[in-house]
Structures are given as structure tokens and as C-alpha cells.
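Please find below a note on the structure under review. It takes up confidence, packing, strand pairing and charged pairs in turn.

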Amino acid sequence: MKALALDAGFSRVGIATAHPRQEDQARLETWLDAGFHGDMAWMAKNPARRSDPGLVVDGARSVIVLALDYDTDAPRTPQPAAEGQGWISRYAWGTDYHLLMERRLKAFTRAVASEIGPTLGASFRGAGQPEGTFEPRTDFRWSVDYGPVLERPWAEEAGLGWQGKHSLLVDPERGSFFFLATVITTLDLHPDSPQTDHCGTCTACMDACPTGAIVQERVVDARRCISYLTIETRGALTAEQQAMVGDHVFGCDICQDVCPFNRFSQPSDVAELQPRDGLVAPSLVELAKLDDEVFRRLFRRSPVKRAKIAGLQRNVAAVVGNQARRQAGGLVDLE
């Protein structure tokens, strides 16, 4: 099973036994009740289903968790950015990870189905496919981060890392710059041992977050997170939100950049994850000049498309204002 996952192009794979995660459901509901999900209404949809794989796949026995590294040789995000430049999150420098992961998930599940053989049979699908495609044999349901799955707790149980105080998964030998995908299956697989928490007394990520979004260990208020503000927020930003954006036009890596374990991170050899020209510390002027056609061409198959051109240029305007205010010693009124 693991050899097939590596052959499909994943960096690492772990296995956990499927079971209801009632403590995770309680934590999720507490987080939702606090409003920390902001406008991401889909997060509040059926929390019980997110914490019980048996409600996603009837007869689920195992959860396979797969990782794909995405770090590059490009330097970490310094603060602040050079005047006239902004920051795009490292994960968005190349091709949209959903596309890369989905291609690998399809190859992996088909290879597993082939190994199972025609006598047992298998059906598999992604999170967006209709329920009716399942058959009463061996089932797989995969998702990247759009399915009703709490990927990070499952990844921790499957031995791929532990949830750091910034809430992201940390591998003690690889850091945190990797994507996660899950496959819920009716196959009864031997589970891996859970990973141990190695954060100790370190609070580097919490101390470095410029907006105080990490309100307590492993609890993030998305409404104060730069990634949420620059990607998920629609419409105009308030003056306070503009100031919180800092130098970021899409996403933020600060909490990962300061994590001591990311000194062990290794650059990915996947060509599609290497930085596209102009996306590492991009020119604010060039981004502001984009029209619809150039935006579509420049960010084809890119995560940045999620912000749309209006959202990206709104963020650019906020960064320009922040840099102008910084140059003027904080005397420029964002309004």
C-alpha cells in the first residue's frame, strides 16, 4: 500500500484506523461557536460527519493519509518586504496543489484497486463525485482539503507529524511545508503509531504572528489570519484589516517560517511546485497593472486564482498603503 502511494508521487504516507473522533468534534464545535471560522460557512456544515469517517464511507475501516512536500530553495519570507514588493505564500508559487494531489490520488487508488484484483472489486471517487458511484465492495473516498475530513488529526494519528502550536502539521524530520490528502477506505489496514508532540515550550509561531491570530495553542481565529484576509475575505477590507495584511498580497507563511523544525525542510523535486517567474516577492506595480486576460494567463492552474483579480488587486492596494504609511512613519491615513 505504501509503496503504491510513493510510486504515485507522494512524499510520505501513514495509516490510521477509522473511528469516531468525538474529542475533535467537540473542539471543532467550540471553535465554530466562537465564530473563529469567519465567513467560511461550509466549515459549520455537519461537524459530526467531519469527525466520523463512517458517516462518509459506510463500513470505513481505515484512513490513509498522504503528504506531498512543496518547499523550494527560495529564501524564507523576511519582514518587512522590500519597498514596492509584496509576498505570495510559498505554496502558491507553482501549480494549484489540488490538481497535483488529485492526479496522484487517482493513480494511487487505481493502483490499489488493481492490486485487490477483480475477485474483490473496488470503487473509488473524489469528494466532489456523486454518492451513487459507490459499489458494495471495497470503497475509497479521497479528498484534498475540500471533503468532510479533519486531515491534521488523522495525519497525527497516522504518524505523519503532530499539530504544532500554529495548528499546522509538523514532521520532525521535514518541517511543515507539505500538503495533505486523505483516503477513507473499507480496507482493514495495519495502522501506524501516532506521532509525538515535540513543540515543548517553544512559542515561536505564536510570538511571530503579526495579527495575534493564534489566540491559544493550536487555536487560530481565522478572522485575524492574513491568509484568511487575503484569500477568503470578499469585498472591501476595513482599515483595520488593511493594516493587518502587512506586505502580503496572497496568503502568509510567517508562522511556518519561524518554526525551528523547518530548518530540516527539503526542497521538492516536483517541477510544477517550483516558483513561477515573478511570484517570489512580486512587484506591486506589476500586479496592480494586471488586466483580466493577463491575470488568467499568469495564474492559470494557480491557487492565486481563488482570490480573483479584484481580490488580489484589493490586497495590493492595502500593501501599497501599508508601505506608504511605514515610509511616512505611520502618518498616512489608510482611509
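The numbered points below describe this predicted model.

1. Basis. Residues are numbered from 1 along each chain as its sequence is written, and side-chain values use heavy atoms, with hydrogens and water left out. Because the model is predicted, local features need pLDDT of at least 70 and side-chain atom pairs count only at pLDDT 80 or more, while totals for chains, interfaces and linings use all residues.

2. Confidence. The protein has a mean pLDDT (the predictor's confidence in each residue, from 0 to 100) of 91, and 91% of its residues reach 70 or more. Residues 130-137 stay under 50, and the model has 17 contacts (heavy atoms within 4.5 Å) beyond four places in sequence for them. Residues 331-335 also have pLDDT below 50, with ten contacts beyond near neighbours in sequence. Where pLDDT is low, the predicted coordinates should not be read in detail.

3. Nonpolar cores. A nonpolar core is taken as a set of buried Ala, Val, Leu, Ile, Met, Phe, Trp, Tyr and Cys residues joined through side-chain atoms within 4.5 Å; buried means under 20% relative accessible area, exposed over 50%, and partly exposed in between (1.4 Å probe, protein chains only). The largest core has 63 residues, and Leu-66 and Phe-108 have the most contacts inside it. Helix α4 (residues 97-116) gives the most to this core, with seven residues; helices (H or I, at least four residues) and strands (E, at least two) are DSSP runs numbered from the N terminus. Not counting residues up to four places away in sequence, Phe-108 touches residues including Met-1, Phe-10, Leu-66 and Val-183. Another core, of 17 residues, lies apart from it and has Ala-18, Val-56, Leu-160 and Phe-178 among its members.

4. Strand β8. Eight of the eight residues of β8 (residues 178-185) are buried, so the strand is largely enclosed by the rest of the structure. Phe-178, Leu-180, Thr-182 and Ile-184 are buried on one side, and Phe-179, Ala-181, Val-183 and Thr-185 on the other. Strands count as paired if DSSP finds at least two bridges between them. β2 (residues 62-69) runs antiparallel to β8 and is joined to it by eight bridges; β5 (residues 139-143) pairs with β8 in the antiparallel sense over four. Val-183 is the bridge partner of Ile-64 and also of Trp-142.

5. Helix α12. This helix (residues 308-327) has 20 residues and reaches 29 Å from its first C-alpha to its last, close to the expected 28 Å, the expected span being 1.5 Å times one less than the number of residues. Its buried residues, among them Ile-309, Leu-312, Val-316 and Val-319, pack against α7, α8, β11, α10 and α11. Just after α12, Gly-329 takes a positive phi of about 75 degrees.

6. Salt bridges. The whole structure contains 20 salt bridges, each a side-chain nitrogen of Lys or Arg within 4 Å of a carboxyl oxygen of Asp or Glu. Glu-157 and Arg-21 meet at 2.3 Å, N to O. Glu-157 lies in helix α5 and Arg-21 in the loop between β1 and α2, so the pair ties together parts that are 136 residues apart in sequence. Both residues of this pair, Glu-157 and Arg-21, are buried.

7. Further charged pairs. The closest N and O atoms of Asp-69 and Arg-174 are 2.4 Å apart. Asp-69 is buried at 6% relative accessibility, whereas Arg-174 is partly exposed at 25%. Arg-306 pairs with Glu-232 at 2.9 Å; Arg-306 is partly exposed at 42% and Glu-232 is buried at 19%. Salt bridges that share partners join Arg-12, Asp-69, Asp-171 and Arg-174 into one network.
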